[in-house]
Amino acid sequence: MAKVNLTLVTEFLLIAFTEHPERGLPLFHLFLFIYLFTLLGNSGMIILIRMDRQLHTPMYFLLSHLSFMDICYSSVTVPQTMAVLLEHGAAIAYGRCEAQFFLFTFFGSIDCYLLALMAYDRYVAVCQPLLYATIMTQKALLSFVAGAYVAGLLSALVRTISAFSLSFCGNNEIDFIFCDLPPLLKLTCEESYTQELVIIVFAIFVIPACMVVIVVSYLFIIVAILRIPSAGSRAKTFSTCASHLTAVLLFFGTLIFMYLRDNSGQASEKDRVVSVFYTTVIPMLNPLIYSLRNKEVKEALKKVLNRVKTS
């Protein structure tokens, strides 16, 4: 077969949501509002946890790290999306695309591990309350969180090296809001079977592995709650898990749609909407979920507001 000369890609062009230029400015303002709310909400959650002694518990220690990850996770993609909307398409250099891909995978993986750790924390609190202080020590917490960061780093390195070992040539348009693996694989000019396997391996070792921990933890929690004789006590015990369970369903539901299915074919409008949800909307919703559905957080917030009023 004759070889075809194709120009190697040195930059990519993000073109998601540019088919309707008149929507660019309204969407830009919407994304800007969501991003600012995400920064304020998650920063406020971190500050609140640090200021209130009642929130100096393992659950809120993990939540503070989740809030920090949400800030980082959102910051990797949302400013780039706003540039695409404002300019009706934006060029992104090859190296910058690679860096964005790495950081997105890094922060996203840590988010998954932290949600799994929070499920384990709820399991110990509900099913082994007498051993809670012994199991969830400060040393254990630091080890858990350090392990999540290291695992996230390894996932990001393997996935990034694998993806960007491919050659991209010819078409450089990415019909997506950021540099992610499924749309990048559509632009490669060589066999990408190995890289597609990486998607599966990444999915197996991050998403389902974390989901197994979460599902098993909540199965034990449900059994323990059903054994409580008082209906009021059952409701009170379950309420301590409701916020985390809501966050888990939202986050993993969208990730499953994006990564545990066939990624062949062109990116659809549905793909782009789902990607916006898990990269932009969920980081904004998490502070609301934990503040509106959590009595301890609401009480801590009232204390801080009262201090501000009296000062």
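1. By class, the lining of the largest pocket has four nonpolar, five polar and five charged residues (Ala, Val, Leu, Ile, Met, Phe, Trp, Tyr, Cys and Pro count as nonpolar, Asp, Glu, Lys and Arg as charged, the others, Gly among them, as polar). The model is predicted: local features need pLDDT of at least 70 and side-chain atom pairs pLDDT 80 or more, while totals for chains, interfaces and linings use all residues. Residues are numbered from 1 along each chain as its sequence is written, and side-chain values use heavy atoms, without hydrogens and water.

2. The space in the largest pocket is about 390 Å³. A pocket is an open set of points on a 1 Å grid over the protein atoms alone, where a 1.4 Å probe fits, with protein on both sides within 12 Å along at least five of seven lines; lining residues have an atom within 4 Å of a point. Volume is the space filled by probe spheres set on the points, which are joined across faces, edges and corners.

3. Y60, R122, T240, N294 and E296 are the closest to the centre of the largest pocket, among 14 lining residues. Two or more residues each come from α2 (58-87), α9 (231-259) and α11 (295-310), with the largest share, four, from α9. Helices are DSSP runs of H or I, at least four residues, numbered from the N terminus.

4. The second largest pocket, about 250 Å³, has 13 lining residues, with I49, R50, F61, S64 and H65 nearest its centre. α1 (24-51), α2 and α5 (138-163) each give two or more residues; α2 gives the largest share, five. Its lining has seven nonpolar, five polar and one charged residues.
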